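Here is a short briefing on a predicted model. Please read it alongside the sequence and coordinates.

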Amino acid sequence: MERCTACRSRLGDSPLCPRCGCDFTLAIRAEKQADRLLCKSVLAWSSGNYALATACALESQAHKQQRLTKVVTALLQKPFWG
Ligand SMILES: [Zn+2]
């Protein structure tokens, strides 16, 4: 998260917007959790555990919509290698 969704001010290292004071602690935590779940998904995928990989990718998407997660989820649901 780079900008405040309320006032568009640039966010620094603090979870609080320096202009309007919005607290993004939970949103930032959700983004980090989404990234961890995406990593867990790719690791599970690389070890052949497609069920865990798919579950983690879908849960990651629930926390944060991002292009890479959509691609991983799509590839897991329609594998191109077989
Ligand atoms: Zn703000």
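Helix 3 spans residues 67–77, and its buried residues are T69, V72 and L76. Seen down the axis of helix 3, these buried residues fall within an arc of 65°, so they line one face of the helix. The model is predicted: local features need pLDDT of at least 70, side-chain atom pairs count only at pLDDT 80 or more, and totals for chains, interfaces and linings use all residues. Residues are numbered from 1 along each chain as its sequence is written.

**Terms for burial and elements**
- A residue is buried if 20 or more other C-beta atoms lie within 10 Å of its own, exposed if 12 or fewer, and partly exposed in between, with C-beta atoms placed from the backbone.
- Helices (H or I, at least four residues) and strands (E, at least two) are DSSP runs, numbered from the N terminus.
- The arc is that of the directions from the helix axis to the C-beta atoms.

**The two sides of helix 3**
- The buried residues of helix 3 pack against helix 1 (25–46) and helix 2 (50–63).
- The face turned away from the buried side of helix 3 carries the exposed residues R67, V71, A74 and Q77.
- An α-helix has 3.6 residues a turn, so residues three or four places apart point the same way.

- Neighbours within four places in sequence aside, C56 is in contact (C-beta atoms, placed from the backbone, within 7 Å) with L37, K40, S41 and A44.

**Helix 1 against helix 2**
- Axes are lines fitted to C-alpha atoms, for helices over the stretch in contact, and angles run from 0 to 180 degrees between N-to-C directions.
- The axes of helix 1 and helix 2 come within 8 Å and cross at roughly 165°.
- Helix 1 and helix 2 are therefore roughly antiparallel (over 145 degrees; under 35 is roughly parallel, 65 to 115 roughly perpendicular, and the rest oblique).
- Helix 1 passes helix 2 in a left-handed crossing, meaning that the near helix is turned anticlockwise from the far one by less than a right angle; clockwise is right-handed.
- Residues of helix 1 in this contact include L37, L38 and W45, and those of helix 2 include A53, C56 and A57.

**Helix 1 against helix 3**
- Helix 1 and helix 3 pack at an angle of about 30°, with their axes 11 Å apart.
- That makes helix 1 roughly parallel to helix 3.
- The crossing of helix 1 and helix 3 is left-handed.
- L38, S41, V42 and W45 in helix 1 meet L68, T69, V72 and L76 in helix 3.

**Exposed sites**
- C20 lies in the segment before helix 1 and is exposed, with 11 other C-beta atoms within 10 Å.
- C20 touches C4, A6, C7 and S9, not counting residues up to four places away in sequence.
- The C-alpha atoms of C20 and N49 are separated by 45 Å, at 29 residues apart along the chain.
- R8 is also in the segment before helix 1, and counts as exposed with 10 C-beta neighbours inside 10 Å.
- R8 is not a glycine, yet has a positive phi of about 70°.
- A51 sits in helix 2 and counts as exposed, with 9 C-beta neighbours inside 10 Å.
- A51 and Q77 are 26 residues apart in sequence and 9.9 Å apart in space, C-alpha to C-alpha.
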